[in-house]
Amino acid sequence: MAHHGTILVIDDEEIMREILETLLTREGYAVRLADQAQAGLELARTVPFDAAIVDVMLPGMNGIALLDELKKLDDELPVVMITAFASVENAIAAMKRGAFDYITKPFKNDEVLVVLKNAIERRRLVDENRALRQNLQARSQRFGDIIGRSGRMRQVFDLVIQAAPSRTTILIQGESGTGKELVARAVHTNSQRSDRAFITVNSGSLPPDLLESNLFGHVKGAFTGAVYPKKGLFELADKGTIFFDEIGNVPVETQAKLLRVIQEREFMRLGGVETIKVDVRIIAATNVDLHRMMEEGRFREDLYYRLHVITVELPPLRERKDDIPLLVQHFLEKHGKENNRAGLEIAPDALDLLMEYDWPGNVRELENVIERAVVLSSSPRIEVDLVPDHVRRTRAFQLPQFVLPPEGISFKDVITDFEKRLIESTLDAAGGVQKRAAELLQIKPTTLNEMIKRYDIRPRRKRATGSGGIAEPDAALASVDREE
């Protein structure tokens, strides 16, 4: 049997230790036993455990005090308290001190296994999140907020590292919201110009004359209102990097002057006669087909080929969905910190919805969805109800795949099983709310309730969602909408 985790059991009653050891070993857990607090602490100091089961009433140091000591050794260790005294006071005291959950003697075997499974899952998620944070922190110094480990993004990272040290012009192509400016900043950060200016030019936001004034500066009297001489962005970016966002929006008349800067590394201020030399690395980005614009005469051919030396292709989010969990975790931490909501996590069914959506607005749209959820959430967990309707509505219906056995199959049994699974999945997507599930299935709530009873669909027990939450059954399934 597979090894599901290592469990520390601390209980002074021999019969309880034997019962728990037999139960947990049979389920595939490795179990270590201790009959008193100090012996348990010694084990915890030398053996890494995935969870602990601790009796509240122990000789010498009681279970609540032992809980404190275990948390000092490993703050993320999920500790399940067990007691023969079913008192609210004991439960509250344990939860306030960081216990994961509690069970009372006499207990049901299934109850112990469910609580322990949830505890192990919690530990696994905590460990994964810690590793993810360490990975993100290690890479953040080189790649900023560019998040991804898919094959397409690894290619982007490799190209950034290879191209950054040179002074070669780089063209970044990708849809809106894919993070083109982040890539430009990563190139700058990994270059020898990293301690100099990085200046962004919003190419399409200004009329041609004002754009040129901003880029090249002007002398006094160059035009009406030019009362003082002004340095342009190219001068300010000297020895650094200048980034043209949406280079396709640069007017044709300005493109010729931009070409001269790239070729000659020099320009003149508007109204001036003096040539100004600059050492500037140019990075450009576009979300349009520059080659087609060139063929249509809307973009200079010579400028196109000057920009098209090294091209970074940024994939849309729908083509790298494996990166969505990483991005979600990153944005939860980012916006959780900004809104004093540290430690937020996302429910698996909510993450499933995000994975199924095609994200026409790409990473920017995903960040907006997560930021909205962080602001609106009243619990440590982002549930399905905080996923916007337009994202939820895109969930595609897919028929299950069947492999027909040689002896055939019972049509009735297949339909029954499918109906039951469909109802369970829909209830999950609706956060357990029957009325919402009935709307999704386009049936009456009373009809859905009858089917729930017919198939004996039970509410799924939710694990504790924070350091002080007690796992409770989903009460939403217990209530039936009687409006119809």
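Start by selecting R167, a partly exposed residue with a relative accessible area of 41%. The model in your viewer is a predicted one.

Stop 1: D279 counts as partly exposed, at 21% relative accessibility. With buried meaning under 20%, that value falls in the partly exposed range.

**Stop 2: a link between two strands.** Next, select E266 and K277. Their side chains form a salt bridge too, at 2.8 Å from N to O. E266 belongs to strand β11 (residues 266-268) and K277 to strand β12, so the pair ties together parts that are 11 residues apart in sequence.

**Stop 3: a link inside one helix.** Move on to helix α17 (residues 411-429) and pick out D417 and R421. The side chains of D417 and R421 meet in a salt bridge of 3.2 Å, N to O. About one helical turn separates D417 and R421, because they are four residues apart in the helix. D417 counts as partly exposed at 40% relative accessibility, and R421 counts as partly exposed at 40% as well.

Before you leave the charged residues, select D11, E13, D55 and K105, which are linked in a network of salt bridges. How many salt bridges does a search of the whole structure find? It finds 29.

**Stop 4: a buried asparagine.** Now go to N362 in helix α15 (residues 362-376). N362 is buried, with a relative accessible area of 0%. Show what surrounds it: beyond its neighbours within four places in sequence, N362 is in contact with E175, S176, G177, T178, P316 and L317. Zoom in on S176, whose backbone oxygen lies 2.9 Å from a polar atom of the N362 side chain.

**Stop 5: the five-stranded sheet.** Switch to a cartoon view and colour the strands β7, β10, β13, β6 and β14. In that order they make an open sheet of five strands, with parallel pairing. The edges are β7 (198-202) and β14 (310-313), each of which pairs on one side only. Neighbouring strands of this sheet are turned by 20° against each other on average, direction ignored.

Look closely at β6 and β13: they run parallel and are joined by four bridges. I170 has I283 in β13 as its bridge partner.

**Last stop: colour by confidence.** Where in the chain is confidence highest, and where is it lowest? Strand β6 (residues 170-173) has the highest mean pLDDT, at 96, and helix α5 (residues 109-143) the lowest, at 72. Across the chain, pLDDT averages 84, and 87% of the residues score at least 70. Finally, select residues 461-484, where pLDDT stays under 50; the model has 59 contacts beyond four places in sequence for this stretch.

Conventions
Residues are numbered from 1 along each chain as its sequence is written. This is a predicted model: local features need pLDDT of at least 70, side-chain atom pairs count only at pLDDT 80 or more; totals for chains, interfaces and linings use all residues. Side-chain values use heavy atoms; hydrogens and water are left out. pLDDT is the predictor's confidence in each residue, from 0 to 100. Contact means heavy atoms within 4.5 Å. A salt bridge is a side-chain nitrogen of Lys or Arg within 4 Å of a carboxyl oxygen of Asp or Glu. Buried means under 20% relative accessible area, exposed over 50%, partly exposed in between (1.4 Å probe, protein chains only). A polar contact is a pair of N or O atoms within 3.5 Å; within protein, one must be able to donate a hydrogen and the other to accept it, and residues adjacent in sequence count only if both atoms are side-chain atoms. Two strands pair if DSSP finds at least two bridges between them. Axes are lines fitted to C-alpha atoms, for helices over the stretch in contact, and angles run from 0 to 180 degrees between N-to-C directions.
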